[in-house]
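Hello,

I am passing on a structure for you to look at.

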Amino acid sequence: MKQICVVGVGYVGLVTGACFADLGNRVIALDVDAKRIENLNKGIMPIYEPGLEELVRRNVKAGRLSFTTSYADALKGAEFAFIAVGTPEGVDGAADLQYVEVAARSLAKHMTAPLIVINKSTVPIGTGDWVADIVKSAQPKPIDFAVVSCPEFLREGSAIADFMAPHRNVIGSLDKDAANKVAQLHLPLRAPIVITDLRTAEMIKYASNAFLAAKISFINELADVCEAYGADVKEVAAGMGYDARIGRHFLDAGLGWGGSCFPKDVQALAFMAKQKGLNPRILNDVVDVNYDRRRDVPTQVEKLLGGNLKGKTVGMLGLAFKENTDDMRDAPSVDISNALIAAGAKVRAYDPVAREVAAPMMPAVEIVSDVYEMAKGCDALVVVTPWNEFKQLDLEKVKSLLKTPVIYDGRNIYDPARMSEMGFTYRAIGRPSNNGRA
Ligand code: UDX
């Protein structure tokens, strides 16, 4: 059993803390947001993540996990301190590091014994060295410490499974002893461990996310070519995916990527490249191709309706940026609903969990609590988030409720042939459908 402090109980910090506690460590998780801590102490989670509430409850009960707002309490006896605070996108796509700085200073001020400071937040290359300088200068008296980069690769919606069965763990530090101690913490996960220097570890995180984002933009570009020539992008992806050098993952064409990581990480990497006088052409295009997807929706829906959107009611199936989460950060639904409303449409929406988070972000959208109620009287539906429950909808019922049976399937969840047979005017992305682009 090791004693660990985790700074930040957002999505990354809370999952990391709860999972390390579950592995038998003693974890004290800290946040400066007193309300969040108060809620966590009552068992109320700040985010929706499948399995998290149960995991937290179990480990709190076992005495391995607790929450505090006090650095002094969180650091008492701790050998490791994870920094897992937000690094929002700042000006020009650069990452905003103010919360990392506050965390590093606070750790320095309150540490009373040697400490390994581990950066989990996604931070620009060179931040680890900067954190080390901050800790050193903010310490009231010198105490040994090391800074290690240990980037997270968790996906929202499957974060616990991703933590417990990672593809790899990356540990970067110039201090070999500290890196080995952090590697020991990860041994129970039985995954490959890549030990490298700080800057390389920081780069691995950006490189991985940018590559995955590029893969999605690539398949989205190919989707247009498929559609123009009557090929099916879903089958193209399957055919490509069997090649182990390519892999099937992240080849789902659709409305593109959003969320808390890909948008800011791709921008931040491009920004870093530009700062050094480089021209990141691929990264720039990866971003452009992605946002074209959502920009295109109103035009396509308009075409399906055979005229303009004025006075039409469009229903959105899903609001969250992806399934199994209530996260609305850079969710395509926000841009799509804004554009539809600007074109004169009324927008109604349904999402199984993101309703409350979404409501303040889209006051002009009528968010209802039942999918069939949403469909009632709509001129067209747009599939925005591929929630499982949408895949098994009673489509006959949906059809009978719609004013006109029009579906723009932005996530390719339905079978084009079946939709056609059922009498829908149906448009998929990159697949032959009875109302494709061609
Ligand atoms: C991502 C990374 O996967 C994770 O390793 C990192 O730590 C954080 O960023 P996340 O943002 O939670 O995780 O979601 P992910 O499942 O990776 O999906 C990202 C976006 O890409 C979503 O908007 C999703 O809808 C979209 N996507 C994903 C596609 O459009 N097509 C695909 O084939 C896969």
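F250, W257, F262 and Y291 are joined into a cluster by ring pairs. The model is a predicted one, and six aromatic pairs were found in the structure.

One of these pairs is F250 with F262, which is tilted, with 6.2 Å centre to centre and 55 degrees between the planes. This pair links distant parts of the chain, 12 residues apart: F250 is in the loop between α10 (233–241) and α11 (262–275), and F262 is in helix α11. F250 is partly exposed because its relative accessible area is 28%, whereas F262, with a relative accessible area of 11%, is buried.

Y350 and F390 also pair: their ring centres are 6.1 Å apart. Their planes lie at 65 degrees, so this pair is edge-to-face; the cut-off for that class is over 60 degrees. Here too the pair links distant parts of the chain, with Y350 in strand β10 (residues 346–350) and F390 in helix α17 (residues 388–391), 40 residues apart. Both Y350 and F390 are buried.

There are also charges placed over rings. R168 lies over the face of F153, 3.6 Å from the ring centre. For Y372, the charged end of K397 sits over the ring, at 4.3 Å from its centre.

If you want a place to begin, look at the cluster of F250, W257, F262 and Y291, then at the pair of Y350 and F390.

Regards

Notes
Residues numbered from 1 in each chain as written. Predicted model: local features only at pLDDT ≥ 70, side-chain atom pairs only at ≥ 80, totals over all residues. Heavy atoms only, no water. Phe/Tyr/Trp six-rings, centres within 6.5 Å; stacked < 30°, edge-to-face > 60°. Helix = DSSP H or I, 4+ residues; strand = E, 2+ residues; numbered from the N terminus. Buried < 20%, exposed > 50% of the residue type's maximum accessible area, 1.4 Å probe, protein only. Lys NZ or Arg CZ within 6 Å of the ring centre and 35° of its normal.
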